[in-house]
Amino acid sequence: MRALPDGFNGAIMAVESITDAIAFLHGPGGCRVRHMVHSTAVFPREDPEDKAGYDIPYFYGYPRVPATYIDEYDYINGAAYKVSEGLPIVMSKNPALVVVINSPGAGLIGDNHEKVLRDLGLGSKVVCMDETLVSMPFTVCYGHTLRAVLEKIGPEKVCPEKDTVNIIGLTIMDKDWRAVADELRSLVESMGLKVKSIPGAGASVSELRDSVNAEYSIVVCPEACAGLSELYESYGVKVVRSEAGAPVGFDATERWITSIAEATGCDPAAALESVRRAKDRVYEKFVGTKYNSLRIKGMSFSVAGTASVIRPLTEWLYNYLAMAPVAVSADPGADKGEIEALKAFLDSAGYSESFGRGPEEGSDAVFCEGITAYTMALNGGCRIGVPIGYSSMGLDDVIPRPVYGVQGAMYILDEILHGVRGS
């Protein structure tokens, strides 16, 4: 049974991805613990020497995701007073923005946060998310929250800066997202473009405000920027999306690069050369380990995750390694176009019955979020478990091993090859 993050998690992590913003949780302490630890694990951004400065109410010694710690009294009588008392303390840390997010239970109380903001005079620096976020898929809510933040901070359209781009659809919950951001930035800039910001993956409030002046917004994972991409289009920013899905595997990474070149008129030669060099290294390695590479051919695999990620991965594993997709499952919030393309591919390959089936025991390899992949491998449910989904505390690597881009392709191949050797 897979346990996936939901929209509540997505909203908090979207805010925590902003370098100078604070997610202020209106809810019980129990709702805070996982988020405050997880946000630090995937995006540490505090001075270790300043922890003592957080031994104050609402933070209680931990700098991330302060909370109101509502209790049974507050559920009966209302808890707006805790938001009113807590906001000045949270603001004492001088964030550029605070986003108040209701826990699922707190959302039922109906506290009037807007009145609190008016009374405190903090309307320009505080955003309230009063929606029922828990019912939304993680990726959808991530983009939805970023859009709400961007609308609140009031971006000013000055004029589009020629040959500038935003990279959108990358989240801090993606495996080794900072390595991805560095690589994709490098690929884009090798084409003569300038990356203005990466909303959702380490952008500041000022960068978000200025992002509407980019000429293009380049999509990594369309599900993770749902709503945000439409907002950029309303500001006249051209959204560039690869028809191959997210840049997962060599083929989709090359198509991601050529899609940018076609939209911008820039030369993709240098970026494509970096992919070619990686493919040559892999070819040499596979030739040198021909016995192991032959053992990969015909292996079965299960894959589960975001549709725009698992679609190019499934196609690449089938076409590049001759592996058999016996179970392919898209997470909630899937892009409809990606689902249609995935189904069409499986049907053409003779594996239409594989769609909608979760990670299956007996598969040679399982590609999904780390907890499920590792658990299945440890319990003998598969020979190889490869994490490709949401980052999990304690399961990430010191050496970058992302899923997207050239490094992602090398990581996936490395995991398969090591798994074959060890089996």
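Student: Where is Asn94 found?

Tutor: Asn94 sits in the loop between α4 (80-91) and β2 (97-102), where helices (H or I, at least four residues) and strands (E, at least two) are DSSP runs numbered from the N terminus. This is a predicted model, in which local features need pLDDT of at least 70, side-chain atom pairs count only at pLDDT 80 or more, and totals for chains, interfaces and linings use all residues. Residues are numbered from 1 along each chain as its sequence is written, and side-chain values use heavy atoms, with hydrogens and water left out.

Student: And is Asn94 buried or exposed?

Tutor: Asn94 is exposed, with a relative accessible area of 66%; buried means under 20% relative accessible area, exposed over 50%, and partly exposed in between (1.4 Å probe, protein chains only). Its phi is near 55 degrees, a positive value in a residue other than glycine.

Student: What about phi of Ala322?

Tutor: Ala322 is not a glycine, yet its phi is positive, at about 60 degrees. Ala322 lies in the loop between α13 (307-321) and β9 (324-330), and at 33% relative accessibility it counts as partly exposed.

Student: Switching to α10, how far apart are its end C-alpha atoms?

Tutor: They are 23 Å apart, which agrees with the 22 Å that the 16 residues of helix α10 (residues 249-264) should span at 1.5 Å a residue, since the expected span is 1.5 Å times one less than the number of residues.

Student: Which residues in α10 are buried?

Tutor: Among them are Phe250, Trp256, Ile257 and Ile260. Just after α10, Gly265 takes a positive phi of about 80 degrees.
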